[in-house]
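Please read the following report alongside the sequence and the coordinates. It begins with a sheet and then turns to helices.

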Amino acid sequence: MDWWKDIYLSLKEANIKQVAYVPDAGHAKLIEACIADNDIISVPLTSEEEGIGVLAGAWLGGERGVLLMQSSGVGNCINMIGLMRTCRFPFATFITMRGQWHEFNPWQVPMGQGTQPTLSAMDVLTEVVENPEDVGKQAKATLHRAFTGMQATALLLHQKLVPLKTFGK
Amino acid sequence: MNKTNSASEYPLRRREVAKKIVDVGGNDFLLVSGLGSPNWDFTAAGDRDTFFPLWGAMGGAVPIGLGLALAQPKHRIVVATGDGEMLMGIGSLATVAIQEPKNLVILVFDNERYGETGMQETATAHKADIATIAAGCGISQTMTVRTKEELDLNVVRVFEDQGPILSVIKVKAEPLDFVLPPKDGAYLKDRFRKAVLGDKGIV
């Protein structure tokens, strides 16, 4: 499960300088790599919606950033995402999905199932990636769509890509 | 709810505070102003391309200021927002404290009211103290300003001391005329980037 390295390489290639995140098991290794990278400022958040603001501020100051979060975090961002569309900020987010398959925790299902519809409702373009070997090229395409195509865009990393969480059962 | 509030009698007037900040700050600082009255205050003081007024995104002023401060470490970044907007994004103070941006100043114009919705009381009219919350989050310099004398001292510190700084400025709860900045977000973003980054700011 080294697909996270392909995302990291795509961030480097796209000259991403700020990585905002709420700690997440699916993104854990990518986040660790960003923290270890002296050319990237890692910004841990108390809530995902702060990340929308941080990325807007980064762009105002001439830097590119991305937001790493879990599907449950999308629900925390919806009003703030309006900022990206109103001001036409480029926006790229990488979302590890819950509530899709082999979900042990029923509390993750509503927002997991609501992630893509709510992003679409807020005019954020979405792509889903299921195969580990496709993550790299999809990550590059996501960053291109944001920073060359000047769009708001999300890459949804299917739950197949992350280890099953079973709470010891 | 015990009502002990007297914000309508606070001596500092928000429009005069904004004018003083602009006068002392000169032309080099960059401003993010939070949803509502701070926009009208700073527009009344004189709209600039280096001002980014928020017509929405409530709770987002401090995070935007943080991302900007990290991207532009040589500029002083001023976030001017209200108590209601700050309370909605209060967790962002903990996020700021982790980054310790030396160039970031947060000014909370605290009239203890939600101005845009009819001057209803915020939590600061009751028990909440935003300067204490900020200190608890780990913001290195926090203060509360209540008088003209305190303001005169504070405004100098805002532009000279090492950040992050959060200053709560208790201002009179008063209805004032709207003085509106441009509202097209794409225009506001692009004019800001061009002012800060030059022609390469326009993509």
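In this predicted model, chain A holds an open sheet of six strands in the order β2-β1-β3-β4-β6-β5, with parallel pairing; strands are DSSP runs of E of at least two residues, numbered from the N terminus, and two of them pair if DSSP finds at least two bridges between them. The edge strands, each pairing on one side only, are those in the table.

| Edge strand | Residues |
|---|---|
| β2 of chain A | 41–44 |
| β5 of chain A | 125–129 |

From one strand to the next, the twist averages 20°. Strands β1 (residues 16–21) and β3 (residues 64–70) of chain A run parallel and are joined by five bridges, and A:Val19 has A:Val66 as its bridge partner in β3(A).

Residues are numbered from 1 along each chain as its sequence is written, and chains are lettered from A and ligands numbered from 1 in the order in which they are written. Because this is a predicted model, local features need pLDDT of at least 70 and side-chain atom pairs count only at pLDDT 80 or more, while totals for chains, interfaces and linings use all residues.

In chain B, helix α3 (residues 61–71) is mostly covered, with 11 of its 11 residues buried (20 or more other C-beta atoms within 10 Å of the residue's own, C-beta atoms being placed from the backbone). Helices here are DSSP runs of H or I of at least four residues. Helices α5 (residues 92–99) and α6 (residues 130–137) of chain B pack at an angle of about 45°, with their axes 8 Å apart.

The mean pLDDT of chain B, a confidence given for each residue from 0 to 100, is 96, and 98% of its residues reach 70 or more. For the complex, the predictor gives an ipTM of 0.97 and a pTM of 0.97.

Key:
pLDDT is the predictor's confidence in each residue, from 0 to 100. Axes are lines fitted to C-alpha atoms, for helices over the stretch in contact, and angles run from 0 to 180 degrees between N-to-C directions. A residue is buried if 20 or more other C-beta atoms lie within 10 Å of its own, exposed if 12 or fewer, and partly exposed in between; C-beta atoms are placed from the backbone.
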